[in-house]
Amino acid sequence: FNVKKEQRYLRILRQEQEHLVHARLKAEESDKLKTAFLSNMSHEIRTPMNAILGFSNLLTHNHIGNDEKKEFTDLIRINANNLMSLVEDIIDISKMESGQFEVRNAPCQLHLVLKEVYEMFTEELFRRGITTVKLYMKTGLSDDGVQILTDGPRLKKVLVNLVGNAIKFTDRGYVEFGYTVNSEHL
């Protein structure tokens, strides 16, 4: 009888040890991911911050003309918006990890969201003088008033991130985004 108890006790100890090893490996992986995330965020934050500081400094020089001042001010505004977007992304990630992230589903005009993203990046491509990349928007329905039930601001944020990264990593060619309608589900 004591041998059976001892074997059962050893089996339980081995299982607990396996659980602890698994938990330790998971914690180490989590720590590596957080370190990589922080390193990446540090780089992502520094890029627009350097532009903001650099162009702000250039604006103090007396020999800068009005056209250059406007261009520098536009670049400061764009980079400040990029920085704000990064901060909002960090807050969203924090909310997700703490279980406080909420998706707010409401009627959303799909074409309006797509058009805003399209216009934003068309303007950016023009402003940056990029002519080797074309941007196309695909809509599956001709009705501009199409509404879907979703979190509109989050949808726009996701599209901005996807289209922005697609443009960033496309040297020549095109980036297409949008939707098609699957007639099977109508």
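Isoleucine 64 sits in the loop that links helix α1 to helix α2, and in this predicted model isoleucine 64 counts as buried, because its relative accessible area is 9% and the cut-off for burial is under 20%. Setting aside residues up to four places away in sequence, isoleucine 64 touches Leu58, Lys69 and Phe72.

**Overall dimensions and contacts**

- Taken along the principal axes, the box filled by the C-alpha atoms of the chain comes to roughly 90 × 55 × 35 Å.
- Of the 186 residues in the chain, 19% count as buried, and isoleucine 64 is itself a buried residue.
- Isoleucine 64 and phenylalanine 169 are 105 residues apart along the chain, and their C-alpha atoms are separated by 33 Å.

**Helices α1 and α2**

- Helix α1 covers residues 2–59 and helix α2 covers residues 66–98, and their axes come within 8 Å and cross at roughly 160°.
- Because angles over 145 degrees count as roughly antiparallel, α1 is roughly antiparallel to α2.
- The crossing in which α1 passes α2 is left-handed, and the residues of this contact divide into 18 nonpolar, four polar and four charged.

**Helices α3 and α4**

- The axes of helix α3, residues 110–127, and helix α4, residues 152–168, come within 10 Å of each other and cross at roughly 35°, and α3 passes α4 in a right-handed crossing.
- On the α3 side, the residues that meet α4 are Leu110, Val113, Leu114, Glu116, Val117, Met120, Phe121 and Leu125, while the α4 side contributes Leu155, Lys156, Leu159, Val160, Val163, Gly164 and Ile167.
- Sorted by class, the contact of α3 with α4 has twelve nonpolar, one polar and two charged residues.

**Helices α2 and α4**

- The axes of α2 and α4 come within 13 Å and cross at roughly 120°, and the two helices are therefore oblique to each other.
- The crossing of α2 past α4 is left-handed, with Glu88, Asp89 and Asp92 in α2 meeting Arg154, Lys157 and Asn161 in α4.
- The residues of this contact between α2 and α4 divide into no nonpolar, one polar and five charged.

**Threonine 139**

- Threonine 139 is found in the loop between strand β2, residues 133–138, and strand β3, residues 147–150.
- The relative accessibility of threonine 139 is 33%, so this residue counts as partly exposed.
- Once its neighbours within four places in sequence are left aside, threonine 139 is in contact with His111, Leu114 and Tyr179; Leu114 is also one of the α3 residues that meet α4.
- Threonine 139 and proline 107 lie 32 residues apart in sequence, and the C-alpha to C-alpha distance between them is 18 Å.

Key:
Residues are numbered from 1 along each chain as its sequence is written. This is a predicted model: local features need pLDDT of at least 70, side-chain atom pairs count only at pLDDT 80 or more; totals for chains, interfaces and linings use all residues. Side-chain values use heavy atoms; hydrogens and water are left out. Axes are lines fitted to C-alpha atoms, for helices over the stretch in contact, and angles run from 0 to 180 degrees between N-to-C directions. Helices (H or I, at least four residues) and strands (E, at least two) are DSSP runs, numbered from the N terminus. Angles under 35 degrees count as roughly parallel, over 145 as roughly antiparallel, 65 to 115 as roughly perpendicular and the rest as oblique. A crossing is left-handed if the near helix is turned anticlockwise from the far one by less than a right angle, and right-handed if clockwise. Ala, Val, Leu, Ile, Met, Phe, Trp, Tyr, Cys and Pro count as nonpolar, Asp, Glu, Lys and Arg as charged, and the others, Gly among them, as polar. Buried means under 20% relative accessible area, exposed over 50%, partly exposed in between (1.4 Å probe, protein chains only). Contact means heavy atoms within 4.5 Å.
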